[in-house]
Amino acid sequence: MSRFLNTKYADLEAYTPGEQPRDKQYIKLNTNESPYPPSPQVLAALTGQDLEDLRLYSDPEGTALREKLAALYGCQPGNVFLSNGSDDILNFAFMAFAQDGAVFPGLTYSFYPVFADLHKVPYATVPLKEDFTVDVEGLCGTGKFTVLANPNAPTGIALPLSEVEKILASNPDRVVVIDEAYVDFGGESAAGLIDQYDNLLVVMTYSKSRSMAGARLGFALASRPIIQDLEKIKYSTNPYNVNRLTLKLGEAAVDSDAYFRDNAKKIMATREKTTKALRALGFTLPDSKSNFLFVKKEGLDGGLLYQKLKDRGILIRHFSDPRIAQYNRVTVGTDEEMEAFLEAVKAVMAEEGLA
Ligand code: PMP
């Protein structure tokens, strides 16, 4: 820390992104990226002219992409907000709507408490139930800005839309964020509810199902006044928050929507196969509606499994939080990658005398 840092940030504990190692080629199952490339239309979208046009600023309103996303989700362009990855929207939402405090599940995306701390928002957490499902009653009627990842991370468990509605209806005077980063892998989206609930802010990303984590593109759907509030924050921080190339790639992805939905189906099929295989090996894991699995094996230390797989060239995500230190989060890759993962797990189990 320099002696220049604003004292209000002195104690801030920053978010730790998953490893992006460069030391060797890993089978990378640690950051919930897609194992498949973006659609052929996305790969062909950029021309030499687009590169020349980099001298020009991007359209700060992202007009063309907002029109396409609005048509896709059955709303108006004024109900769509674009951002540099969905973390950007979450940040803006904490900045804009959380002055009376925030609430979110006790085990969820670990960035939420960081945003809260960054903006000096006091927050409460509602512990998950014993089976790792979200305690819906505990999130109802809090009178606070609420953030719910659905499906949740790192558990992968999805709430039915009827449960999400209970939270929305119980808290009409505060914004409720439904973070749908993983919704395309079998969850139910709240996107169709934005006309019904003016406090609903649905946050989505191109990083997972659309295979475009590196493009940094997120979007939100909400009632027009909420979008206007986010626009106010954006125009007060970084008006050109989505670059020209990413806007164009984002449009091509909407034009080839069926491609990524097929990939999501493939990933879901691989997920189900891997779930069965892991359970047969004695692992416990909740039913996932996301592109990752949250896995534990009695008698096999979570940190040890992480390290031994890393030594074998397979990277999974281990969390230091003592409540989940026995677990690992494993992104669903291709069938071949998951077979390699399972073989490596068996080898580690044999080494540890567990096979
Ligand atoms: N929400 C959740 C639940 C996530 O896991 C992630 C990915 N780390 C994000 C939001 C942010 O994704 P991105 O900024 O790449 O859109």
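A polar contact is a pair of N or O atoms within 3.5 Å. The model discussed here is predicted. In it, a polar side-chain atom of tyrosine 109 lies 3.1 Å from a nitrogen atom of the ligand, so this pair falls within the 3.5 Å cut-off and counts as a polar contact.

**The ligand and its site**

- The residues around the ligand are Gly85, Ser86, Asp87, Tyr109, Asp179, Ala181, Tyr182, Thr205, Ser207, Lys208 and Arg216.

**Backbone contacts of the ligand**

- An oxygen atom of the ligand is 2.7 Å from a polar backbone atom of serine 86.
- A polar backbone atom of aspartate 87 is 3.1 Å from an oxygen atom of the ligand.
- For serine 86 and aspartate 87 the polar atom belongs to the backbone, whereas for tyrosine 109 the polar atom belongs to the side chain.

**Aspartate 50**

- Aspartate 50 is located in helix 2, which covers residues 48-52.
- Its relative accessibility is 11%, and aspartate 50 therefore counts as buried, the limit for that class being under 20%.
- The side chain of aspartate 50 reaches the backbone nitrogen of threonine 47, at a distance of 2.9 Å.

**Threonine 246**

- Threonine 246 belongs to helix 9, which runs over residues 244-255.
- With a relative accessible area of 4%, threonine 246 is buried.
- From threonine 246 the side chain reaches the backbone oxygen of alanine 215 at 2.9 Å.

**Tyrosine 327**

- Tyrosine 327 is found in the loop between strand 11 (314-318) and strand 12 (328-331).
- Tyrosine 327 is classed as buried because its relative accessible area is 12%.
- Between tyrosine 327 and lysine 296 there are 4.7 Å in space, C-alpha to C-alpha, although the two are 31 residues apart in sequence.

Note on methods:
Residues are numbered from 1 along each chain as its sequence is written. This is a predicted model: local features need pLDDT of at least 70, side-chain atom pairs count only at pLDDT 80 or more; totals for chains, interfaces and linings use all residues. Side-chain values use heavy atoms; hydrogens and water are left out. A residue is near a molecule or strand if one of its heavy atoms lies within 4 Å of it. A polar contact is a pair of N or O atoms within 3.5 Å; within protein, one must be able to donate a hydrogen and the other to accept it, and residues adjacent in sequence count only if both atoms are side-chain atoms. Helices (H or I, at least four residues) and strands (E, at least two) are DSSP runs, numbered from the N terminus. Buried means under 20% relative accessible area, exposed over 50%, partly exposed in between (1.4 Å probe, protein chains only).
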